[in-house]
Amino acid sequence: MYEYARTDMPISFPGLFGDWSVNPDPVAIPIGNGVRWYGIIICAGLILAVLFCCRQGKKYGITEDNVYDMMIWQIPLCIIGARLYYVIFYLDLYRTAEGGFNWGKMIAIWDGGLAIYGAVIVAFFVLLVFCRKKGISFGAFADLGVMGLLIGQAVGRWGNFVNREVFGSETTLPWRMRVWVSTSEYIEVHPTFLYESLWNLIGLLLIIFVISKARTFDGENTCFYFIWYGMGRTWIEGMRTDTLKLFGWELFGRPILVSQLLSVLLVIAGAAVLFLNKRKHPHGQETLFVNRQAALRAAEETGTAGPVGDAAPAGEAESTESTGEAEPAEPDGGAAPSAPAAPEQEGEGE
């Protein structure tokens, strides 16, 4: 079973477009290790995600400054998390002949090897600390952030297309993708990068036009994200040929796939949190962070006391911070990363 294809040979979809093909060079600018289209596409997805979150932030009580401040922390730390996740599950690739570790190779992310779930895990903890420090609702920020995450993932998967990676097993379906494994041999496979990109786009549209309009608690978008993305990733991961294995362990005679296992767990967790919070907040949107902020501002303008337990508005959080009395965010039902996760790298992207 082939995991990677030649990057100097064309890509085509013979069942859809006949003999038409495209042969993009993965390197956009040949300087140093090369400025690759993968990185450019990832950056484009990140920029789109940040701009979208800035425009949507008011609906969740999150300011543009909150988004930009969060990104300063998220980007470098999520890259570290994505790399660490990959290295842990491919540890043998970074051992020396003597059995030690090649630390230089471990940090060489330009050679490929980042995993989206590693970034998501780190983003969860970074967001939690950030929201507690700023007095912002974790669930509200996460609800905004998962939309940006879906944008980044949907766009970023096209970097895998340029690299001829993240494809599935062989198929004869009309939308099969033809890639070359040698100068004379090709395979026709599931374009799983495309499946995931479209799945993420559909999830984003569902959140924007359906889920977010019916939110009754902060974290509801986030729960939906984990359920939706987890289901899609579970399905798609089963088709991929380059997926991470869980230390070579097997279940029912088949290798345990790291991302598939994690996806199933996230679906279960997301569904459980959604169910419990929907029972707790079946109707009304009074408890949403953005509405609590509005009520607090209205109370201040009329000179009456605000509701007990309301979190301070995001714009006021920094002023209280200097006295060390910043009000902690209200507990939320959801838990998720706030912003687009760090990119998956060329060559062995996860």
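Is Cys78 buried or exposed? With a relative accessibility of 1%, Cys78 counts as buried, where buried means under 20% relative accessible area, exposed over 50%, and partly exposed in between (1.4 Å probe, protein chains only). The structure is a predicted model, in which local features need pLDDT of at least 70 and side-chain atom pairs count only at pLDDT 80 or more, while totals for chains, interfaces and linings use all residues. Residues are numbered from 1 along each chain as its sequence is written, and side-chain values use heavy atoms, with hydrogens and water left out.

The cysteines were examined for disulfides, a disulfide being a pair of cysteine sulfur atoms within 2.5 Å. By this rule, the count comes to zero disulfides. Cys53 is in no disulfide, since its nearest cysteine sulfur, that of Cys54, lies 7.2 Å away. Cys53 also counts as buried, at 3% relative accessibility.

The nonpolar interior was considered next. In soluble globular proteins, nonpolar side chains tend to be buried together. A nonpolar core is defined here as a set of buried Ala, Val, Leu, Ile, Met, Phe, Trp, Tyr and Cys residues joined through side-chain atoms within 4.5 Å. The largest such core holds 51 residues, of which Ile62, Val67, Phe141 and Leu144 touch the most other members. At least two residues of this core come from each of α2 (37-56), α3 (64-89), α5 (116-134), α6 (138-162), α7 (192-211), α8 (220-237) and α9 (258-280). A second, separate core has 13 residues, including Ala5, Met177, Val181 and Ile187.

Because 23 of its 25 residues are buried, α6 is largely enclosed by the rest of the structure. Helix α8 was treated in a like manner. Its 18 residues reach 25 Å from the first C-alpha to the last, close to the expected 26 Å. Of these 18 residues, 15 are buried, so α8 is also largely enclosed by the rest of the structure.

The axes of α5 and α6 come within 11 Å and cross at roughly 150 degrees. Axes are lines fitted to C-alpha atoms, for helices over the stretch in contact, and angles run from 0 to 180 degrees between N-to-C directions. The two helices are therefore roughly antiparallel to each other, a term for angles over 145 degrees.

Just after α6, Arg164 takes a positive phi of about 55 degrees, although Arg164 is not a glycine. Arg164 lies in the loop between α6 and β5 (177-180) and is buried, with a relative accessible area of 2%. Val166 is found in the loop between α6 and β5. Val166 has a positive phi of about 55 degrees although it is not a glycine, and is buried at a relative accessible area of 1%.

Ile202, in helix α7, is partly exposed, with a relative accessible area of 42%. The C-alpha atoms of Ile202 and Leu150 are separated by 9.3 Å, the two residues being 52 apart along the chain.

Definitions and conventions: Helix = DSSP H or I, 4+ residues; strand = E, 2+ residues; numbered from the N terminus. Expected span 1.5 Å × (residues − 1). Parallel < 35°, antiparallel > 145°, perpendicular 65-115°, else oblique.
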